[in-house]
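Me: I have a structure to go through and would like to ask about it piece by piece. Here it is.

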Amino acid sequence: MARLFIKAQDLEEYDTVKVFNDRGKQVYYTKDDFIATGHRIKIFLAETISECAYVQEKYDRLGSKRFEFASRDKFGTIERDPMSRQQRYLVDYEEGWEIVGDAVMWNYIVYRGALPIMRVRCEKYIIPGQALSMADTYILEFDNDSEILIGLTFALAVYALNKYRY
């Protein structure tokens, strides 16, 4: 099982964060693109300028907002379910992902059908190899290593959808 770690305070303040693996090594970093139309979070491989994924705000003809997430050859969108008063999302992705739990508070599981493929939670945690202060940390756990990058973009799309709702 692979895991990624993001310091919660950094993400909530800047949209520009470092993403760490189990050993405390930075594997990705994000930058907010102010020039783009709408909100855009670019994801880069650590220590490079190679953009490997992104999250982009989009609007349809009726004015409803959704976020597009993409990594390499994988692409999808997520939006709030306008017909539900509960916290429900419509995910358009090739493998039919569904969120169960509280996505606003970073405490949810992503399912593909009946199989859990990703767990996301927020807790006090010291990222291995990082500063010795215990801080709120977003922890993303993946059942399959091949889902790491698209899972990270998906989690950031859920975050952006909840942060930039107006």
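Me: Is Glu147 buried or exposed?

Reply: This is a predicted model, and in it Glu147 has 6% relative accessibility, so Glu147 counts as buried, the cut-off being under 20%.

Me: What does Glu147 form a salt bridge with?

Reply: The partner is Arg112, and the closest N and O atoms of the two are 2.7 Å apart. Glu147 sits in the loop between β12 (135-142) and α2, while Arg112 is in strand β10, so the pair ties together parts 35 residues apart in sequence.

Me: And Arg112, how does its accessible area come out?

Reply: Arg112 has a relative accessible area of 27%, so Arg112 is partly exposed.

Me: How many salt bridges are there by this rule?

Reply: The count is nine. One of them links Glu57 to Lys65, with the closest N and O atoms 3.8 Å apart. Both of those residues are buried.

Me: What about Glu123, which residue does it pair with?

Reply: Glu123 forms a salt bridge with Arg121, at 2.8 Å between the closest N and O atoms. Glu123 is partly exposed at 28% relative accessibility, and Arg121 is partly exposed at 24%. Shared partners join Arg121, Glu123 and Glu141 into one network of salt bridges.

Me: Changing topic. How many residues does helix α2 have, and how far does it reach?

Reply: Helix α2 covers residues 148-163, which is 16 residues, and spans 22 Å from its first C-alpha to its last. That is close to the 22 Å expected at 1.5 Å a residue.

Me: Why is α2 said to be largely enclosed?

Reply: Because 15 of the 16 residues of α2 are buried, the helix is largely enclosed by the rest of the structure.

Me: Where is Tyr28, and what does it touch?

Reply: Tyr28 is in strand β3 (residues 26-32), and it counts as buried at 10% relative accessibility. Leaving aside residues up to four places away in sequence, its contacts include Ile148, Leu149, Leu152 and Cys52.

Me: Last one. Which elements have the lowest and highest mean pLDDT?

Reply: Helix α1 (residues 8-14) has the lowest, 73, and strand β10 (residues 107-112) the highest, 92. For the chain the mean pLDDT is 85, and 91% of its residues reach 70 or more. Where pLDDT is low, the predicted coordinates should not be read in detail.

Conventions:
Residues are numbered from 1 along each chain as its sequence is written. This is a predicted model: local features need pLDDT of at least 70, side-chain atom pairs count only at pLDDT 80 or more; totals for chains, interfaces and linings use all residues. Side-chain values use heavy atoms; hydrogens and water are left out. pLDDT is the predictor's confidence in each residue, from 0 to 100. Helices (H or I, at least four residues) and strands (E, at least two) are DSSP runs, numbered from the N terminus. The expected span of a helix is 1.5 Å times one less than its number of residues. Buried means under 20% relative accessible area, exposed over 50%, partly exposed in between (1.4 Å probe, protein chains only). Contact means heavy atoms within 4.5 Å. A salt bridge is a side-chain nitrogen of Lys or Arg within 4 Å of a carboxyl oxygen of Asp or Glu.
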